[in-house]
Amino acid sequence: MQIDISFRHMEPSDTLRDYADEKIRRVIRKHIRDDFDAQITLSVEKFRHICKIHLVYKGIAIKCEESSNDMYQSIDLALDKLERQIHRFKGKLRAHKPSRANAARTLDVAVVALPEDDIDDEVAETLEAELADEAALVEAEAKQARVVKHEAVELIEMTVDDAAMKLSLEDLPVVVFIDADSHRTNILYRLEDGKFGLMPFGQ
């Protein structure tokens, strides 16, 4: 078990460090008996006192963040959120086994940058036409973006349930993974109503 507490844009405080350390141990031990690693970052931005928590348990990362005008309150709020996340997925967390390293693949991802004015008048008019000419829209949007670089992203084999858990616990908009059952690449994404959508692609 390792808990690392760091401070940003504020003076380190042993009192805050001890408070955060004691509280996170108490919260986690209510639900988890095995070892875990946790990173707590305490920072101040203007009048916002921010507590970020990154917990790693059995290969699953749980992230949460809260802020208020008081650091002790921010720590309490972040730990309350962390406890809710752990409680929600407690059974799956206990049973989870890390993905097999040899099941990983890589995917080439293009990093695209948009100018400050994301959509010019031409694109806006096309949007207002409600996709009357889809090809023109795609061409107009393409003119607005440029590829900055390409990155190789590692895709890990996991079940759809594991992907859903990762999406929720890490508060991600999308997870790209290899389905452990079909061995196909899948995209799991968050819908506006909070539910998930699943889109398989490739082989």
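Colleagues, a residue is called buried here when its relative accessible area is under 20%, exposed when over 50%, and partly exposed in between, with a 1.4 Å probe and protein chains only. The structure is a predicted model, in which local features need pLDDT of at least 70 and side-chain atom pairs pLDDT 80 or more, while totals for chains, interfaces and linings use all residues. Residues are numbered from 1 along each chain as its sequence is written, and side-chain values use heavy atoms, without hydrogens and water.

I begin with the cysteines. A disulfide requires two cysteine sulfur atoms within 2.5 Å, and the count by this rule is zero. Cys51 is in no disulfide, and the nearest cysteine sulfur, that of Cys64, lies 7.0 Å away. That separation is too far for a bond. Cys51 counts as buried, at 1% relative accessibility, and Cys64 counts as buried too, at 6%.

Next, the aromatic rings. Rings of Phe, Tyr and Trp (its six-membered ring) pair if their centres lie within 6.5 Å; planes under 30 degrees apart are stacked, over 60 edge-to-face, and the rest tilted. There is one such pair. The ring centres of Tyr19 and Tyr72 are 5.0 Å apart and the planes stand at 80°, so the pair is edge-to-face. Tyr19 belongs to helix H1 (residues 14-29) and Tyr72 to helix H2 (residues 71-88), so that the pair links parts of the chain 53 residues apart, helices being DSSP runs of H or I with at least four residues, and strands runs of E with at least two, numbered from the N terminus. Both tyrosines are partly exposed, Tyr19 at 25% and Tyr72 at 31%.
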